[in-house]
Amino acid sequence: MAKKTTEPTRRDFMTIAAGSFAAVGGAAALWPMIDQMNPDASALSLATIEVDLSPIAEGQSITVSWRGKPIFIRHRTAGEIEQAKAVKVDELPEPEARNDNISADSPATDVNRVKDENEKWLVLIGICTHLGCIPKGQRVGDAKGEFGGWFCPCHGSHYDTAGRIRKGPAPRNLEVPAFEFVSDSKIKIG
C-alpha cells in the first residue's frame, strides 16, 4: 500500500511561523537579564593595575585602589628590612605568609612576604584582618604601632614592617596580593 502524503497547509505554515516568532521574541526579552550578569567596564578595568614606583622615596608609602580595596605599597628602608628579617616565625601569632604569589602553607618570614628580587618593596592589601578597618601607618605622622609597621586604632592590632600581625585581636597577617614587576620601577597588581 502506498503511503499517502499531504501538502503543507497554510495552517501548518502559520503554526511554524508563530512558534519561531515566539522563540526569537523570548530570546530577545531574556538577553538584557542575561547580559546584566556580566561584569561592567569599571570592574573589568580594575582586574589589573600598573603602579609606577619611581616617585616613591625610600621610607615612603602610597595607597592605591585595586578592586575596591586599598593597596599599601611601601619602599622599605634597610633598617625596616633588617627589623623584619630579625623576627622568628615562632614568635608570630600567625605563622603563615598569606602571600598570593607563593604556596599557601609558606611560613611568614620576611622573604616570603616580598618578591625575591626586590625586598625593599612591600605590597599589601590594606585591610585589617580583624573587622576590616584600614590600619594607620601609610601617611607621615600616622601611628605606626609598637612594631613600626601599621596600627589599627579601632581595636588595637599592631603589624610589623612586613605586614605581619604582632599584637592585638587580628587573627591573620595582612595579605600580599598577586603582583609582578614589569620593569625595575613598575609593578602590575592582579
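**Helix, core and salt bridges in a predicted model**

Helix α1 comprises 26 residues and spans 37 Å from its first C-alpha to its last, close to the 38 Å expected at 1.5 Å a residue. The model described here is predicted. The helix has a kink of about 25 degrees at A29. This kink lies shortly before the proline P32.

A nonpolar patch lies on the surface. L30, W31, M33, I34 and M37 form this patch. Together they have about 550 Å² of accessible area. M33, one of these residues, is located in α1, which covers residues 10–35.

The largest nonpolar core has 27 residues. Within this core, L53, I73, I187 and I189 touch the most other members. Six strands each supply at least two core residues: β1 (49–52), β3 (69–75), β4 (121–125), β5 (148–152), β8 (179–183) and β9 (186–189). Strand β4 gives the most, with 5 residues.

Charged side chains come next. The structure holds 10 salt bridges. One of them joins K186 and E50, with the closest N and O atoms 3.9 Å apart. K186 lies in strand β9 and E50 in strand β1, so this pair ties together parts that are 136 residues apart in sequence. K186 counts as partly exposed, because its relative accessibility is 31%.

E80 and R74 also form a salt bridge. Their closest N and O atoms are 3.6 Å apart. Both partners fall under the 20% cut-off for burial. E80 counts as buried because its relative accessibility is 13%. R74 is buried because its relative accessible area is 1%.

A further salt bridge links the side chains of K167 and E146, at 2.6 Å from N to O. K167 lies in strand β7, whereas E146 lies in the loop between β4 and β5, so the pair ties together parts that are 21 residues apart in sequence. K167 counts as partly exposed, because its relative accessibility is 38%. Elsewhere, salt bridges with shared partners join E94, E96 and R98 into one network.

R164 lies in the loop between β6 (157–160) and β7 (165–167). R164 counts as buried, because its relative accessibility is 0%. R164 and E94 are 70 residues apart in sequence. In space, R164 and E94 are 7.6 Å apart, C-alpha to C-alpha.

Methods
Residues numbered from 1 in each chain as written. Predicted model: local features only at pLDDT ≥ 70, side-chain atom pairs only at ≥ 80, totals over all residues. Heavy atoms only, no water. Patch = residues over 30% accessible without salt bridge, like charges linked within 9 Å, V, L, I, M, F, W, Y side chains within 5 Å. Areas by Shrake-Rupley, 256 points an atom, 1.4 Å probe, with all protein chains shown as cover. Salt bridge = Lys/Arg side-chain N within 4 Å of Asp/Glu carboxyl O. Helix = DSSP H or I, 4+ residues; strand = E, 2+ residues; numbered from the N terminus. Expected span 1.5 Å × (residues − 1). Bend = angle between axes of the 7 residues up to and from the residue. Core = buried A, V, L, I, M, F, W, Y, C linked by side-chain atoms within 4.5 Å. Buried < 20%, exposed > 50% of the residue type's maximum accessible area, 1.4 Å probe, protein only.
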